[in-house]
Amino acid sequence: MKKTIAIVVSVMATCWAAGAQGGGVEFSRDFHLFDFSLNTKYLEVGVTAGQAGSFTDRARFGMGASVMVAGVYVDFIHAQPQHKYSPLDGEVRWNDTNVFCINAGYMIPITGWLRLIPLVGYAQTSEGITDGASYEYNAEDSHSWYHRYTVTPGSRLHYFNYGGGISIHPCKWFSINAFATNKALYGGLVLNIMAIARN
């Protein structure tokens with residue numbers, strides 16, 4: 001955790017220094033309070049990672065993706081069954097869990113570099129069996145072999161997910177996000193495709 005904070009602080013300091021030398025970062029000059037027209041300058045895509053299923057007995061580390069277009073923000077985070085890609089096989093059956101969260105919200109620009117993001121969404125958890133004797137090939141997405149996961153009947157739970165987060169925009173090219181909802185605690189690193197395309 002300390003290492004992550006040190007990296008974030010270092011990146012922000014570097015961007016701040018670049019802005020002081022005319023490198024395009026505008027912390028001091030870009031002070032538009034609640035200027036929603038700033039949202040039109042962003043087309044962001046990125047990755048998310050953190051705890052999915054928070055505050056349930058099925059909480060696990062998961063990963064996902066996010067996209068933001070003109071202030072409208074959507075993300076997901078997924079913790080797949082623990083043994084889905086296990087190299088072990090044979091007559092082995094694992095008791096696993098599966099967690100998925102999807103959220104949507106709207107960016108509220110406090111300043112040019114700080115935004116709030118209220119979120120609402122859906123979360124789902126389940127328990128099931130991963131069958132080590134089954135091998136299936138995913139030809140569409142991951143192009144890898146995996147074990148089949150079967151949900152235990154009656155174990156699937158559905159939740160209304162809500163919360164929010166902040167988005168810090170230290171440079172025009174990327175943002176750092178942090179979120180807390182009632183069923184997920186996670187963050188993300190996103191690239192501003194619009195700013196990159198203009199360079």
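Strands S9 and S10 (residues 184-192) run antiparallel and are joined by 8 bridges. Two strands count as paired if DSSP finds at least two bridges between them. Helices (H or I, at least four residues) and strands (E, at least two) are DSSP runs, numbered from the N terminus. This is a predicted model: local features need pLDDT of at least 70, side-chain atom pairs count only at pLDDT 80 or more, and totals for chains, interfaces and linings use all residues. Residues are numbered from 1 along each chain as its sequence is written, and side-chain values use heavy atoms, with hydrogens and water left out.

**Strand pairing around S9**

- A hairpin through 2 residues connects S9 to S10.
- Across this pair, Asn-177 stands opposite Gly-188 in S10.
- Gly-163 has Thr-181 in S9 as its bridge partner.

**Chain overview**

- The chain holds 2 helices and 10 strands.
- Along the sequence, the pattern reads α-β-β-β-β-β-β-β-β-β-β-α.
- Of the 199 residues in the chain, 41% are buried. Buried means under 20% relative accessible area, exposed over 50%, and partly exposed in between (1.4 Å probe, protein chains only).
- Contact means heavy atoms within 4.5 Å. Among contacts between residues at least 6 apart in sequence, 59% join residues at least 24 apart.
- The accessible surface of the chain is about 10800 Å², and 65% of this belongs to carbon and sulfur atoms. Areas come from the Shrake-Rupley method with a 1.4 Å probe; for residues, only the protein chains shown count as cover.

**Nonpolar core**

- A nonpolar core is a set of buried Ala, Val, Leu, Ile, Met, Phe, Trp, Tyr and Cys residues joined through side-chain atoms within 4.5 Å.
- The largest nonpolar core has 15 residues; Tyr-73, Ile-77, Ile-117, Leu-119, Phe-179 and Tyr-186 touch the most other members.
- At least two residues of this core come from each of strand S3 (72-79), strand S4 (93-106), strand S6 (114-138) and S10.

**Salt bridges**

- A salt bridge is a side-chain nitrogen of Lys or Arg within 4 Å of a carboxyl oxygen of Asp or Glu. The count comes to 2 salt bridges.
- Glu-44 forms a salt bridge with Arg-115, with the closest N and O atoms 3.2 Å apart. This pair links distant parts of the chain: Glu-44 lies in strand S1 (residues 43-52) and Arg-115 in strand S6, 71 residues apart. Both Glu-44 and Arg-115 are buried.
- Glu-127 forms a salt bridge with Arg-58, with the closest N and O atoms 3.4 Å apart. This pair also links distant parts of the chain: Glu-127 is in strand S6, and Arg-58 is in the loop between S1 and strand S2 (60-69), 69 residues apart.
- Glu-127 is partly exposed, at 34% relative accessible area, whereas Arg-58 counts as buried at 8%.

**Gly-154**

- Gly-154 sits in the loop between strand S7 (144-151) and S8.
- With a relative accessible area of 78%, Gly-154 is exposed.
- Gly-154 and Glu-127 are 27 residues apart in sequence and 9.0 Å apart in space, C-alpha to C-alpha.

- Thr-48 is in strand S1. Thr-48 is buried, with a relative accessible area of 2%.
- A polar contact is a pair of N or O atoms within 3.5 Å; within protein, one must be able to donate a hydrogen and the other to accept it, and residues adjacent in sequence count only if both atoms are side-chain atoms.
- The side chain of Thr-48 reaches the backbone oxygen of Phe-76 at 2.9 Å. A polar atom of the Thr-48 side chain lies 3.3 Å from the backbone nitrogen of Ala-65.
- Leaving aside neighbours within four places in sequence, Thr-48 contacts residues including Tyr-73, Ile-77 and Tyr-186.
- Ala-65 belongs to strand S2. Ala-65 is partly exposed, with a relative accessible area of 29%.
- Not counting residues up to four places away in sequence, Ala-65 touches Gly-46, Val-47, Thr-48, Val-74, Asp-75 and Phe-76.
- Ala-65 and His-78 are 13 residues apart in sequence and 9.4 Å apart in space, C-alpha to C-alpha.
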